[in-house]
Amino acid sequence: MTDNLLPFSSGVRSSVRVKQAVKRHFSDPSLACALLRGTPASLLGDLETLGVLFEALCERDLKIYAESFGGTLYHYQRADGVYVVPITVLKN
């Protein structure tokens, strides 16, 4: 039901603290939407849930696309809460 998204670490020293925890997300957000009995009207009434499901959908699709050409998907999150999802790194 869930996938783990590894944290990005460049190995470069920085004064900004970066979280190194794995981010967990739905592997198929449509299952969560079905379990919640989500309808377009109910999801538009709850934008936070819609945002979580949309982010999981984007992560799932980007992971599939990245892996098709040898890439890996990572997330980056600073300790102050600013984050970038996802980061794709290509293998050489």
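1. The buried residues of helix H3 are Leu-53, Ala-56, Glu-59 and Ala-66, where buried means under 20% relative accessible area and exposed over 50%, with partly exposed in between (1.4 Å probe, protein chains only). These residues cover an arc of only 160° around the axis, which puts them on the same side of H3; the arc is that of the directions from the helix axis to the C-beta atoms.

2. This is a predicted model, in which local features need pLDDT of at least 70 and side-chain atom pairs count only at pLDDT 80 or more, while totals for chains, interfaces and linings use all residues. Residues are numbered from 1 along each chain as its sequence is written, and side-chain values use heavy atoms, leaving out hydrogens and water.

3. The face of H3 turned away from its buried side carries exposed residues, among them Phe-54, Ile-64 and Tyr-65. After H3 comes Gly-70, which has a positive phi, near 85°.

4. Strands S1 (residues 2–7) and S2 (residues 23–26) pair in the antiparallel sense over four bridges, and Asp-3 has His-25 as its bridge partner in S2. S1 also runs parallel to strand S3 (residues 71–77), joined by two bridges, with His-75 in S3 as the bridge partner of Pro-7. Two strands pair if DSSP finds at least two bridges between them; helices (H or I, at least four residues) and strands (E, at least two) are DSSP runs, numbered from the N terminus.

5. Arg-37, in the loop between helix H1 (29–35) and helix H2 (40–45), has a positive phi near 55° although this residue is not glycine. Most residues other than glycine have a negative phi. At 72% relative accessibility, Arg-37 counts as exposed.
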